[in-house]
Amino acid sequence: MGLRDVVERTPGLRVLLDGMYGLYGRRVEVHLARTPDHIGVILDGNRRWARATGGSTAYGHQRGADKISEFLGWCDETHVKVVTLWMLSTDNLDRPADELVPLLGIIEDAVTNLAAARRWRIHPVGALDLLPQHTADILKRAAEETAGIDGITVNVAVGYGGRHEIADAVRSLLQEHAGRGTSIEELAEILDVEHIAEHLYTKGQPDPDLVIRTSGEQRLSGFLLWQSAHSEFYFCEAYWPAFRKVDFLRALRAFGDRSRRMGL
């Protein structure tokens with residue numbers, strides 16, 4: 001059993017450490033050099049957190065969903081403009097029904113609650129056609145209901161895969177030019193990276209400055225493959241449900257301390 005597991009099982013110790021981390025976090029926040037405009041987050045570790053604390057998989061997913069509004073509050077405080085939350089990958093759609101169905105329900109409730117808060121502009125990113133119609137409808141409705149909100153743009157990546165996104169972008173580009181009567185030869189002559197970027201799920205948005213992955217895994221797993229070409233990456237040991245404000249501030253501090261060369 002690790003230290004984080006002991007803390008989770010010992011309420012008194014958790015309260016003491018929360019107080020200490022709060023003081024430390026305020027010190028870190030004061031000395032932040034700069035903050036990113038766009039943060040991408042791979043919300044990883046819900047199931048492992050649940051196993052470590054003796055809870056069910058569904059409980060882990062629910063605690064992970066509960067963390068989202070708290071995280072967005074931290075982003076509000078630090079003036080982040082865009083957040084992309086990877087909540088369900090295309091690979092996750094192959095999970096057994098007894099796990100996938102409750103997870104989709106938790107995601108639906110989480111997105112509905114984010115929209116109801118009237119603080120953030122919800123923007124679904126992913127292959128909605130791969131999702132159950134009910135789930136896709138909830139995502140679309142959340143986007144419609146928050147379209148006029150002057151707050152952080154929150155990309156909810158559900159049914160998302162980086163390769164799938166690029167394939168969708170190329171397909172959309174080809175369909176657009178076919179409608180204009182452009183031949184394949186003419187398109188090949190003029191095609192540039194910006195033409196594809198204009199058809200991504202995140203078109204019109206800045207690319208992520210910082211990508212955070214929780215749970216200790218150090219890979220992208222297909223997250224924002226195109227957009228993260230010049231992103232900074234921060235890998236955190238904490239499972240997503242146990243991700244704290246101090247962990248977030250450490251990620252921002254690490255970002256601020258780096259010299260961004262943007263490929264130069």
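Which residues lie nearest the centre of the largest pocket? Leu43, Asp44, Ser89, Asn92 and Arg95 do, and they belong to a lining of 34 residues.

Before I go on, a word on what we have here. This is a predicted model, where local features need pLDDT of at least 70 and side-chain atom pairs count only at pLDDT 80 or more, while totals for chains, interfaces and linings use all residues. Residues are numbered from 1 along each chain as its sequence is written, and side-chain values use heavy atoms, with hydrogens and water left out.

Okay, back to the pocket. By pocket I mean an open set of points, on a 1 Å grid over the protein atoms alone, where a 1.4 Å probe fits and there is protein on both sides within 12 Å along at least five of seven lines; a lining residue has an atom within 4 Å of a point. The largest one holds about 720 Å³ of space, and that volume is the space filled by probe spheres set on the points. Helices H3 (46–53), H4 (57–77), H5 (97–116) and H7 (162–180), along with strand S2 (82–89), each give two or more residues to the lining. Helices here are DSSP runs of H or I with at least four residues, and strands are E runs of at least two, numbered from the N terminus.

Let's pick out Ala58, which sits in helix H4. Is Ala58 buried, exposed or partly exposed? It counts as partly exposed, because its relative accessibility is 32%; buried means under 20%, exposed over 50%, and partly exposed is in between, with a 1.4 Å probe and protein chains only. Ala58 and Val101 are 43 residues apart in sequence, and their C-alphas are 9.9 Å apart in space.

Now over to the surface. Val170, Leu174 and Ile184 make up a nonpolar patch, with about 250 Å² of accessible area together. Patch residues have over 30% relative accessible area and no salt bridge, and nonpolar side chains are joined within 5 Å. Leu174 is in helix H7, and at 39% it is partly exposed.

Last stop: the loop between strand S5 (210–213) and strand S6 (232–235), where we find Ser215. Most residues other than glycine have a negative phi. Ser215, though, has a positive phi of about 85°, and it is buried at 7% relative accessibility. Ser221 is in the loop between S5 and S6 too, with a positive phi of about 60°. Ser221 is partly exposed, at 41%.

Note on methods: Patches are made of residues with over 30% relative accessible area and no salt bridge: like charges are joined within 9 Å, nonpolar side chains (Val, Leu, Ile, Met, Phe, Trp, Tyr) within 5 Å. Accessible areas come from the Shrake-Rupley method with a 1.4 Å probe; for residues, only the protein chains shown count as cover. A salt bridge is a side-chain nitrogen of Lys or Arg within 4 Å of a carboxyl oxygen of Asp or Glu.
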